[in-house]
Amino acid sequence: MKFKQTLLAVVLCAIVLSLMACGNRGDAEGDIPEVLVSVWAGPQADLQKQVVADFAGANVTISDVDFGNLRTRQMTSFHAAPGTGNYDVVWVNSQWMNDYVEAGFIMPINEFIASSGLDTSIYVSGLMDAITFDGQIFGLPTFIQTMILVYDSEVFEAEGLRAPTNSDELIAVARHFYEQGSGIALPARQGGAAATLFTQLLYSEGGDFFDANGNLNLTSPEAIHAATVYGQLARYSVSGSLAWHHDEVGNALRTRLAPIGVLMSGLANQNHDPERSLIVDTVRYAPLPGSGGIAAASNTFWVWAIAANSANPQAAFDFITWMASPETETRKTLFNQQISAVNALIADPAVVAATPFLPVVMEQVGNGRSDPTLTNFGVMREALIVSLSEIASTGADPATVMQQLQDSLADVDFSH
Amino acid sequence: MKTRNFYWSLEKGDLLSVLLILPTFLIIFFIMILPLSYGFLLSFFDVGFGLSNPTENFIGLDNYRRFLNDSIAQRAILNTLIFSFGAIAGTFFFGTVNAVLLHKLSRRFSAVLRPLLIMPLLISPLIVGLIWRYIYDPQGILYWFLGLFGLGIQHFPGVTASSTALLSTIIAHWWQVTPFIIIVLTAGLLSIPEEYYEAAYVDGAGAFSSFFRITLPLLKNTYMVILLLSGVDTFRVFDIIFSLTGGGPNNSSVSISIYAHSQAFNQANMSYAMALSTIAMFITFVVFGIPFIRHNIKKSKS
Amino acid sequence: MVRFKRKWYVKLMMAVLIMVALVWTLVPIYIVVSNAFRATLDIHQMPPQLIFKPIFIHFQRIFEFDNFGRFFRNSLVISTTTTFLSIMMGSLAAYGVKLCRSSWGRRLSNTLLLGRMVPAITILIPLFIMMNRAGLTGTRAAVILAHTSLTLPFVTWLMTGFIEGIPDELLEAANAEGCSRLMAFFRIVFPLLRPAVASAAILVMQTSWNELIFSLQLTNIRTFPLTVGVARYVGAVSVDWGRSSAAATITMVPIIIFGFLMQKYLISGMTAGAVKG
C-alpha cells in the first residue's frame, strides 16, 4: 500500500511542522534583550541590517517595509498586545512625528537622556527642535533628505552648458535638452514627490503656504511662480516623467536617459554604484534654485523613536543612541553616502569627500524649513497633488489652477 | 459479531457522528461565524485602533450613514462592480475561444498546452500584480512594444492615469484567471457527445453555428456556476490591486476590500471598515451567493 | 471527434491564435524569472536581451538581508499544516454527514459553501481584534487557523460529494466483519478518497501558499510567509526590480512545480467545483 505509506509520511511531517508552529515566538537567548526595529526598506536598509550585527547591547532584528506600507505596519504594531512581536524601535518620517506624538504611539526619551548623559547638542539643532514637543524629546534625528539637481557633467561640457543658478536658467537648460529629444527628469507623477518638489520651489522663492495671519494663500506671487516653474519643467521633461516617482527619476539619470534631473538626495548614493549607474564618474550636483538663486529645502528626515508599547524601552534607547552615534553614523556615511544629522560629520573632510552631494544638501537644509504640523495640512497636500498633476499633464495655466485650488480649500480649517 | 446498523438516524442520537463534525464546526464557528457577528456588532460602535473596550461608544447607524456620504466608498463599490463585470466578460470571452480551440486540437497537442496554461493559476495574485507592474512600467516591455507601432504612454497611460488604472488591473486579472475558465470549459466540452456535432454537421451547420446551437445551451449550467464563482472571487479583489496600483492614482482603482483595509489599518477606523466590509459581504451574498446556493441545492436534489 | 473541413486559412488562424495565447501566458512569467537573474542595469534595457549571463546576486541578497530563508520555512509550515488540518477535518466531517443519514447533513454542507463567499476582509478585521486580544497575533497558529477556516468549507463540500458516492454495501460489509465505524473510515473510506484528497491537497496548498491579506496582518517579521516578504517590495516609492523578481521567483516556482506534479488532480478539483456543480 504505497498510498498508506505516503499518507503516514505526510501525517508525520504535518505533526512535526505543527509542533514547530507552536514554538514560534522567537527564542530569546540568555539575558540579551530582544529589540525589534521597523525601518523603511529604502536605500539605507541593507547597511542598517549589516551594522546592527555589531551592536552588543541587544539581539536586534530589523524589519524593513516599503514606504507605502511602513506607516500601516507601524500603526498595527502600536496597537498589538505587548510581547506579540511588536516593534520596540520605529524609524519615523519627520512628517509623521506630530501624529505619532499626539496619539501617544511613541514615548518621550528625556529620562533616558538624563540618566545616560547623552549630549543632544551634537545633532543639527533645527532638527532637534522639530522633534521636541512641549519640551519633551521624542527621538534622535538621522538621514536628512532633500531634492537636489543631478546632472551629467560630460554632457554639459559637450553642450557648453553650466549648472543652472536660478529658475530661469534651469528652465532654459531643460528646454535645451528637450529640443534635442530628451529633457529634464522629474518626479511628476501624481503623488507626494511632486508636492515636495513644489514645496521646495515655493520655499526657495521665500514663499509659504500661509500668509502672516495664518490663512491659506496659494495665490501669492511666490506660489504662482513656483507653480509656473513646475509647469515649465514638466513641459520640458523627458518623455515618461509624468509617470515617475523618485526611483524612476534616479533610473533615468543613471541610465543616461536624461542628462539632468531633480532627485531625492537619499537615492543619490546609487549614482555612485557601478552595478546600477553609468554616470559614476561624471555625475555632479547643484542646488535646486529659485528665481533669486536661493535654494531652500522642505526638510524631511527620519527619526529613531521608541514605541510606547515596547516591552524593553531601555534596550531600545541604548540601540538608538548607538545607531545615531557619531561613530556609527560616520561608518554608515562613508560606506553608503547617507547624510546623518550629526553636526560634526558635516565638516569632516573624509565624509565630505565620500559624499559629493553633501554641501548641496546642507545648503538647502540651512535655508529650508519644515512643513507646518497642522491637522488639515494633509488635506491641502492631497488637493495640491491633484492640481500639480493637472498642471503637468494638461498644461493648464498655473495661476488659474492655483486659484481654483485656493477656492476649493476655502472651507477647510487651518487654524490648528 | 456486531449486528447493529452501521448508520444511525438523527432521532436515535449518536456521539460519534457529532464528534466527527465537531472540529469543522468549531473552526467555522470561531474563525468565521463569530468574527462575522462580532464585526457586524462592532459596526454600530465607534472603534478606533485602541481596542481596550471596543463596545464603549455606541453610535448606531452612523457608520452606515457615513457610507452614504462617502464618495470614495461609493467609488470603491462602483469600481468593484466594474472590475467584476470587466473581469468576467474578458475571462469568459477569451476562455471560451481558447477552450473551443483546445478542444478542436488533437488530444496530444492539447495535453502539452494545458499544463502550460495552468501556470498563471498557481501564482499568487500578489505576484501577478508585481509582474504586471514591470510590464506597465514606463520603461518596461509594454511601452517598448507599443513603441514599435509608434504608440506611447500618451495613448495608453496604463497604471499612471486614473482613466486607465482600473482597466490595467482588469487586464492583469484576465491574464491570471482565463486559464481557469479554459480548464473548466474544456471539461464541460468533453462531456458533450460527439454525435450532436455529427448530426449538426450533416445538417450543414458550420463551426460557429454549431457552437451557438449545441455547445452553449449544453454548457449553460457550467457557465452559470463559473459565473457565480467568478463573481464572488472578483467582488472581493484585493491582492492584485494592492500590488499593482495600490488603489491609485487618485482612488481611481480602489476596490471595496482595498478601501476597507486602508480604513481599518491606515486610518484606524476599525468600525467604519467593518461597516464597509459588511456592506460588501451583503452585496456578494445577494448578487452571487444566494443564486449559487440555490443552484447547488437544485442540483443535489435532481 | 468531428473534423470540420478546414480551409488552410482556418488552420493558419488557429495556429496564430495558439501562438498568441502561449506568448501571452508565458512572456510575463519569463520576464519576472529572467529579471531575477539579470544585473540591475540590464533589467531596464529595452528590447530585453534574450541571452545574457545569469547572475545570482539578487538571490544571495534576499537570503542574506531579507530573511527569505525564514519566510520560506514559515510558508512551508503554514501551508502544510493548513492542508493537513483542512483535509482531516473536512473528510471526517463529511464522513459524519454520511453516517447520520439525514437530509440536513447534505444541506449543512451546502450551507457551509456560503463560507466560500465571505470576503476575506470581512473576517479579517474582527478576527484581527480577537486574535490581538487573545495575544495570538504574530504567531503562525493565527494564520493557520484563518487559512483552515477559509478552505474548510470547500474541502468539506468536496469530500461530502465523494463519500456519498461510496456504496453502502462496502461499509455494511466492514461492519459485519467487526470493523468499528471509526476504523472503517481509516481502512476503507479514506483510501477510497485518494483522488479527492489529492485534489484538495493541491487546492488548499495553493490557496494557503499564495494567501496575502490574512498573512499580512496576523504575522510579524519572525512569522512572515513568502507572500508578505514579496509584498514588502511593492510599495509606492522603492521597487528594487532585481530583488523583488528574485523574491517572486522563489515564491512561485515551488508551487508551480507542485501544481505540475499534481495537475491531473488540480484540474479535477477545479472542475468538480464547477462542472458537477
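The text below covers domains, the contacts between them, and the core.

The model is predicted: local features need pLDDT of at least 70, side-chain atom pairs count only at pLDDT 80 or more, and totals for chains, interfaces and linings use all residues. Residues are numbered from 1 along each chain as its sequence is written, while chains are lettered from A and ligands numbered from 1 in the order in which they are written.

Domain bounds come from an automatic or database domain assignment.

| Chain | Domain 1 | Domain 2 | Distance between C-alpha centres |
|---|---|---|---|
| Chain A | 34-145 + 300-367 | 147-296 + 374-408 | 28 Å |
| Chain C | 8-58 | 67-274 | 33 Å |

In chain A, 15 residues of domain 1 and 15 residues of domain 2 make the contact (C-beta atoms, placed from the backbone, within 7 Å). On the side of domain 1 of chain A that touches domain 2 of chain A, α16(A) gives the most, five residues.

In chain C, eight residues of domain 1 are in contact with seven residues of domain 2. For the side of domain 1 of chain C that touches domain 2 of chain C, α1(C) gives the most, with three residues. Helices here are DSSP runs of H or I with at least four residues, numbered from the N terminus.

The largest nonpolar core has 286 residues, and A:Phe198 and A:Tyr230 have the most contacts inside it. Its largest share, 15 residues, comes from helix α4 (residues 68-100) of chain C. Such a core is a set of buried Ala, Val, Leu, Ile, Met, Phe, Trp, Tyr and Cys residues joined through C-beta atoms within 7 Å; buried means that 20 or more other C-beta atoms lie within 10 Å of a residue's own.

Key. Contact = placed C-beta atoms within 7 Å. Helix = DSSP H or I, 4+ residues; strand = E, 2+ residues; numbered from the N terminus. Buried ≥ 20, exposed ≤ 12 C-beta atoms within 10 Å, placed from the backbone.
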